[in-house]
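Work through the exercises below with the sequence and the model at hand. Each task is followed by a solution in steps.

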Amino acid sequence: MTKKWWHDKVAYQIYPKSFCDSNGDGIGDLPGIIGKLDYLQDLGVDIIWLSPCYPSPLADEGYDISDYYDIDPRFGTMEDMDRLLAEAKKRNMYILMDLVVNHCSDEHEWFKKACQDPEGKYGNFFYLRDKKEGELPTNWRSYFGGPVWEDLPGTNKQYLHVFHKKQPDLNWENPEVREEVYKNINWWLDKGLGGFRIDAIINIKKALPFRNYEPDREDGLCTIKAMLSEAKGIGEFLGEMRDRTFKKYDAFSVGEVFDEKPEEIPDFIGDNGYFSSMFDFNETIFGESDKGWYDMRQITPDDYKKCCFEAQAKVGDMGFLSNIIENHDEPRGVSRYIPEGDCCTESKKMLAALNFMLRGLPFIYQGQELGMENVPISSIEEVDDISAINEYQVALDAGLSVEEAVKVISKYSRDNARTPMQWTDGANAGFTTGKPWLKVNPNYTDINAAAQQDDPDSVRSFYKQLIALRKNPEYKETVVYGALEPVWEEQHNLMAYYRKGDKTLLVIGNYQKEEQAVTLPSAYKKVLLNNYSDIAQTDNTIQLHGYQAVILEM
Ligand code: TEU
Ligand code: CA
């Protein structure tokens, strides 16, 4: 594996709408982000991924773009964006934008022109089919529920949308579409962007000709995945995109890739892969059910360990994964991966250490460094996430009571990650002086950046220590490139692994509230990190405290 400029970095995802509001309209914005760059630099962040801030009707919170060359006025102006790039550069930081090109917004001019003249140039930018009475072109179910087909306004045609109906799919088979995408990417890279996070990319290649698949629910529809598993040749698009854009700039790209086969890993993230890196979603997709969120299986500590090790083994040294415990599409990692009732400072730090020391590029999602948790909800009225609103209905249709369905949504809603960032214990958690667009988690009085910043025992300080270890010249080589080797794999509620490079590090997490013992094969040289103030030890046997995590140099 060839070394790359971004390997030793630490990345941080910002969800602009919920990060920091500078003008009191209740919506986070670019000037708000600029004002927090010092906070991020202090934490040790090098790469910042911004979820979409382009002009958008915000039907899917910005993942429905109506202009790829501008900034939504609610988030700021292009001058603000230029200032953000310049201020980031001063601090040796890189900015990534979100590349959302499986689909655009139905308010994009391409789509408007397609409605005006479906047989013309822009009709071919989308997947259009003639409308037939009582019959849809295919029986695929969109990710957000219902059929993927919608009437093309003012015409006798229908268009395809694998996500929301306000997100019409772009026809990647059309070279003109691809040219438009490359032109846009290069335009941003010319501006000085560090690269992109690439949204929903596995959906760009459809299996043609379209056909129906076996229905998998009462609604007579089938998951998109049935079609995607038959789609061949995505590599031609992705290779072309790489060559025409990222590669020329040595830009960083991280793909939102799901369901890749082991033999495809080198194609995706090898030395000349389509992307620099891709996210490890092995943990987030664990327990998923074709039936919907209500049927999702709770992940246990042993499952979590297995998922991480599987992903690590699959990639080995063929490439570099991007590791996460959460993002804007997922519940908070600490609420999900720590058994119910056990969420506390120690367990949050343990999860941080286990995740952060995996081989790959660590991505921190805003607020993760504070140990932000899921937000309690009491009714669906409080929910903004279109995905959660659909899954609520799916749960009710399956016979769950309102109370049970609310519980499902509380657990998995994407809003959990989208509540405003908790800066202080003041009004609205210091996120805005106005009315926040989404309810602030009431626990902000306890969990906030101001309280944690100067507290050496806070979750945030622990993240700082993890980041400092990754950057420490003495350990960097091992932390960044060292091979990962699981240990005591069969030991229940224990996750432990070596990182072997020019040094040998041992990462141990006692993934339960009860104590448990491990016997080291030899004495250690040094304790590099510990979420407790002591290590209870007799000879080479350590009696780990509940949720104790230690990183040892062997
Ligand atoms: O998500 C794509 C994705 O694959 C979905 O599985 C997503 O995780 C799911 O809808 C959650 O319920 C990306 C973005 O990250 C997401 O925010 C967007 O809604 C989606 O693409 C459409 O652009
Ligand atoms: Ca604002």
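Helices (H or I, at least four residues) and strands (E, at least two) are DSSP runs, numbered from the N terminus, and two strands pair if DSSP finds at least two bridges between them. The model is predicted: local features need pLDDT of at least 70 and side-chain atom pairs count only at pLDDT 80 or more, while totals for chains, interfaces and linings use all residues. Residues are numbered from 1 along each chain as its sequence is written, and chains are lettered from A and ligands numbered from 1 in the order in which they are written.

**Exercise 1. Strand 13**

Which strands are joined to strand 13 by bridges, and is strand 13 enclosed or open?

Solution. Step 1: strand 1 (residues 11-14) runs parallel to strand 13, with 3 bridges between them; Gln13 has Tyr365 as its bridge partner. Step 2: strand 12 (residues 321-323) also runs parallel to strand 13, joined by 2 bridges, and Asn323 stands opposite Pro362. Step 3: apply the burial rule, by which a residue is buried if 20 or more other C-beta atoms lie within 10 Å of its own, exposed if 12 or fewer, and partly exposed in between, with C-beta atoms placed from the backbone. Step 4: 5 of the 5 residues of strand 13 (residues 361-365) are buried, so the strand is largely enclosed by the rest of the structure. Step 5: in a regular strand the side chains alternate between the two faces of the sheet. In strand 13, Leu361, Phe363 and Tyr365 are buried on one side, and Pro362 and Ile364 are buried on the other.

**Exercise 2. The open sheet**

Why is one side of strand 17 and of strand 19 left without a neighbour in the sheet?

Solution. Step 1: the open sheet consists of 3 strands in the order 17-20-19, with antiparallel pairing. Step 2: strand 17 (516-519) and strand 19 (536-538) stand at the edges with a single partner strand each, so one side of each has no neighbour in the sheet. Step 4: strand 19 and strand 20 (residues 541-544) pair in the antiparallel sense over 3 bridges, and Thr538 has Thr541 in strand 20 as its bridge partner.

**Exercise 3. The nonpolar cores**

Which members of the largest nonpolar core touch the most other members?

Solution. Step 1: a nonpolar core is a set of buried Ala, Val, Leu, Ile, Met, Phe, Trp, Tyr and Cys residues joined through C-beta atoms within 7 Å. Step 2: the largest core holds 141 residues, and Ile48, Leu96, Ala353, Val507 and Ile551 touch the most other members. Step 3: helix 12 (residues 345-356) gives the largest share of this core, 6 residues. Step 4: another core, of 11 residues, lies apart from it and includes Ala388, Tyr392, Ala395 and Tyr412.

**Exercise 4. Ile198**

Is Ile198 buried or exposed, and which residues is Ile198 in contact with?

Solution. Step 1: Ile198 lies in strand 8. Step 2: Ile198 has 26 C-beta neighbours inside 10 Å and therefore counts as buried. Step 3: leaving aside neighbours within four places in sequence, Ile198 is in contact (C-beta atoms, placed from the backbone, within 7 Å) with Leu99, Ser253, Val254, Gly255, Glu256 and Phe275.

**Exercise 5. Backbone exceptions**

Where does Glu61 lie, and where does Asn428 lie?

Solution. Step 1: Glu61, not a glycine, has a positive phi of about 50°; Glu61 lies in the loop between strand 2 and helix 3 (78-90). Step 2: Asn428 has a positive phi near 55° and lies in the loop between helix 15 (415-418) and helix 16 (449-453). Step 3: with 22 C-beta neighbours inside 10 Å Glu61 counts as buried, whereas Asn428, with 19, counts as partly exposed.

Technical notes
Two residues are in contact if their C-beta atoms, placed from the backbone, lie within 7 Å.
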